[in-house]
Amino acid sequence: MTLRLEPGTRAPLFTLPDQDGQPVSLADYRGQKVVLYFYPQAMTPACTTQACEFRDNSAALAAAGYAVIGISPDEAERLGRVRDRDALNFPLLADPEHTVLTEYGTWGEKINYGRTYEGVIRSTFVIDEDGIITNALYNVKATGHVARVVKLLGLAA
């Protein structure tokens, strides 16, 4: 059974390379609110839709004090290509060893078209200024998810 993080728990700290190979730590964001999302694979249609929806809502999120960070099992080089292709304005972090994915309960058993396999469970976490998870959303759909997060945070128009 995959671990599930609950609201009110401390977000596991991590340091991972970003799309340029530079280390990024969750601790770097202490004192700031974070929307941390986990997605299966860069440059796929659903993941591109989700990333672009975060990009398109980044001004409203930033105005409310939220930083956005995406994490996938992709290598940093691939993340750099998707950032450039889609003009993404937030860090994409590489977790090819699934370390952080596992700590957040976002790596586990999935079933797709009757086939069972291990993979990323698309999920989003909202973390407050003190590093506490305020929202843990597992098994989300890519399309429309960002609008749900924006509404959940009280930022919807």
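**Ground rules.** I am working with a predicted model, where local features need pLDDT of at least 70, side-chain atom pairs count only at pLDDT 80 or more, and totals for chains, interfaces and linings use all residues. Residues are numbered from 1 along each chain as its sequence is written, and side-chain values use heavy atoms, with hydrogens and water left out.

**Fold.** I looked up the secondary structure and found 5 helices and 9 strands, taken as DSSP runs numbered from the N terminus (helices H or I, at least four residues; strands E, at least two). Along the sequence I read β-β-β-α-α-β-α-β-α-β-β-β-β-α. The radius of gyration is 14 Å, close to the 15 Å from the globule rule for 157 residues, so the chain is as compact as a globular protein of that length. I noted that this radius is taken over C-alpha atoms and that the rule is 2.2 Å times the number of residues to the power 0.38.

I found 50% of the 157 residues buried, meaning under 20% relative accessible area (1.4 Å probe, protein chains only). For contacts (heavy atoms within 4.5 Å), residues 24 or more positions apart account for 63% of those with a separation of 6 or more.

**Helix α1.** I checked residues 45–56: these 12 residues should span 16 Å at 1.5 Å a residue, and the end C-alpha atoms are 16 Å apart, which agrees. The expected span uses one less than the number of residues. Cys 47, Thr 48, Gln 50, Ala 51, Cys 52 and Phe 54 are buried here. The buried residues of α1 pack against elements including β3 (33–38), β4 (66–72) and α5 (145–152).
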